[in-house]
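Subject: Structure handover

Hello,

Here is the structure I promised to pass on. Please open it first, then read the notes below.

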Amino acid sequence: MICSLVLLFAVVAVRISSHSGLPTLLVYLGIGVAIGTDGIGVTFNDAELTQVLGYAALVVILAEGGLGTKWGEIKPALPAAAVLSTVGVAVSVGLTATAGHYVVGLDWRQALIIGAVVSSTDAAAVFSVLRTVPLPKRLTGILEAESGFNDAPVVILVVAFSSQGHMEPWYTLIGTIALELAIGAVIGLAIGWLGAYGLRHVALPASGLYPIAVIAIAVTAYAGGALAHGSGFLAVYLASLLMGNARLPHWPATRGFAEGLGWLAQIGMFVLLGLLVTPHELGDDVLPALVVGLVLTVVARPVSVLVSTAPFRLLWREKALLSWAGLRGAVPIVLATIPVVNDVPGSNRIFNIVFVLVIVYTLVQGPTLPWLATRLRLEEPEPADLGIESAPLERLRGHLLSVSIPQSSKMHGVEVGELRLPTGAAVTLVVRGGTSFVPLPSTMLRRGDELLVVATDPVRDAAERRLRAVGRGGKLAGWLGTGAG
């Protein structure tokens, strides 16, 4: 009963936060705090369980983010994102740890742990913000890829710094990170490709099984990467990225299911973290958290961006936005449970500092990012692409494509005959304003129309490419350099 009420309140809170500008993350954390020791009085102090459930939630969040990332946008940004996720993380850890040691007075182990924990941008926060802030594709690609990639090296660093005994030499850590990332990348791409191939060629008996299969494949990628002593987080992100761009059957339903699971994972993780914290114990750690956060935000993150993007041609405005868009969220708080579980001296103080830091700087950075993008003239509305859902017709050896024409599509005003679909594909039905009819070749398509297109297996991909090309380039697509690719 309590769990269902918390979930319902959290769903309503999304609506409230969207109107008030308050980050949803803080609302969920507030629910957990209100239920906890200093609120209703529910006692919860199992850091190990929180860590396990937090990892599980992060897997789902990374899977949802990967499924929603467009390969065309992220591909040009991969080199910059890869450097920012490795070299940038190293720079950020070094500068933040130095401030923690010399300014705040932490010992080096505690300072390095905090530096590593807060150097990871939060996938849930980044994906959530990017849904509402239309940025240039290059910046969107860098931020999405960075948030998907940098969890892997950060987890390795936090575990190494939190281990008992002497810490490993820096060159050993670099080698370990490189090896685990390589293993995770290979396993993630392999499982993602096999999963996409299987789902595209096997007709499941019910459409509702496709979303379940996709999430199961993503979790398998994480498990495979972890069992092979690689980065499971990188594996799940890459596998999901590959499946998300493979034009799977019943894709809109799969995407909606994954998004719902992502919201559930965020709600559960944030509420649990709010339960774990004891607010009346945070007083002595507020000032250290503000100092570390200030160094991280105005020094470490900008320097890491400048160093990482030096080889790439980015405008100063773009670098400024990347510096401010290093959003933190639940991931640093989850990672802060690692030293608690490992009984690192001062681990409770580490957790409290990270918690306060995330709360304060989420309040500062999240709501101001859209304003900064506008001031830097980096807002860029994206043209809406066609929404195409494919359902296999196993016995007929074909596919039924459901096509939605958005408001900004150049398919508006195109006649059905001008689509020039390949032989073996045809528009069989048009739904307009709640009324369906069989179109003629001279039927002119309009914004908001929904089309049913039947295509045989051999021409299914060509038909999809042609429809998307007309949606982007109009009836002359293919003749004026906007071909069906």
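Asp343 is exposed, with a relative accessibility of 61%. Here, exposed means over 50% relative accessible area, buried means under 20%, and partly exposed lies in between (1.4 Å probe, protein chains only).

Before going on, note that this is a predicted model: local features need pLDDT of at least 70, side-chain atom pairs count only at pLDDT 80 or more, and totals for chains, interfaces and linings use all residues. Residues are numbered from 1 along each chain as its sequence is written, and side-chain values use heavy atoms, with hydrogens and water left out.

Back to Asp343. Its phi is positive, about 55°, although Asp343 is not a glycine. Most residues other than glycine have a negative phi. Asp343 sits in the loop between α17 (337-341) and α18 (347-375). Helices (H or I, at least four residues) and strands (E, at least two) are DSSP runs, numbered from the N terminus.

Arg420 also has a positive phi, about 50°, and is not a glycine. Its place is the loop between β2 and β3. Arg420 is partly exposed, at 35% relative accessible area.

Which side chains of β5 are buried? In this strand (residues 450-456) the side chains alternate. Leu451, Val453 and Ala455 point to one face and are buried.

β5 pairs with β2 (residues 398-404) through 7 bridges, and the two run antiparallel. Strands pair if DSSP finds at least two bridges between them. Strand β3 (residues 425-432) is joined to β5 by 6 bridges, again antiparallel. Look at Val454 in β5: Leu400 stands opposite Val454, and Val454 is also the bridge partner of Ala426.

**Helices α5 and α8**

α5 (residues 78-104) packs against α8 (residues 137-149) at about 40°, with the axes 8 Å apart. Axes are lines fitted to C-alpha atoms, for helices over the stretch in contact, and angles run from 0 to 180 degrees between N-to-C directions. The two helices are therefore oblique to each other. Under 35 degrees counts as roughly parallel, over 145 as roughly antiparallel, 65 to 115 as roughly perpendicular, and the rest as oblique.

From α5, the contact is made by Leu78, Ala80, Ala81, Leu84 and Ser85. From α8 come Ile142, Ala145, Glu146 and Phe149. Contact means heavy atoms within 4.5 Å.

Best wishes
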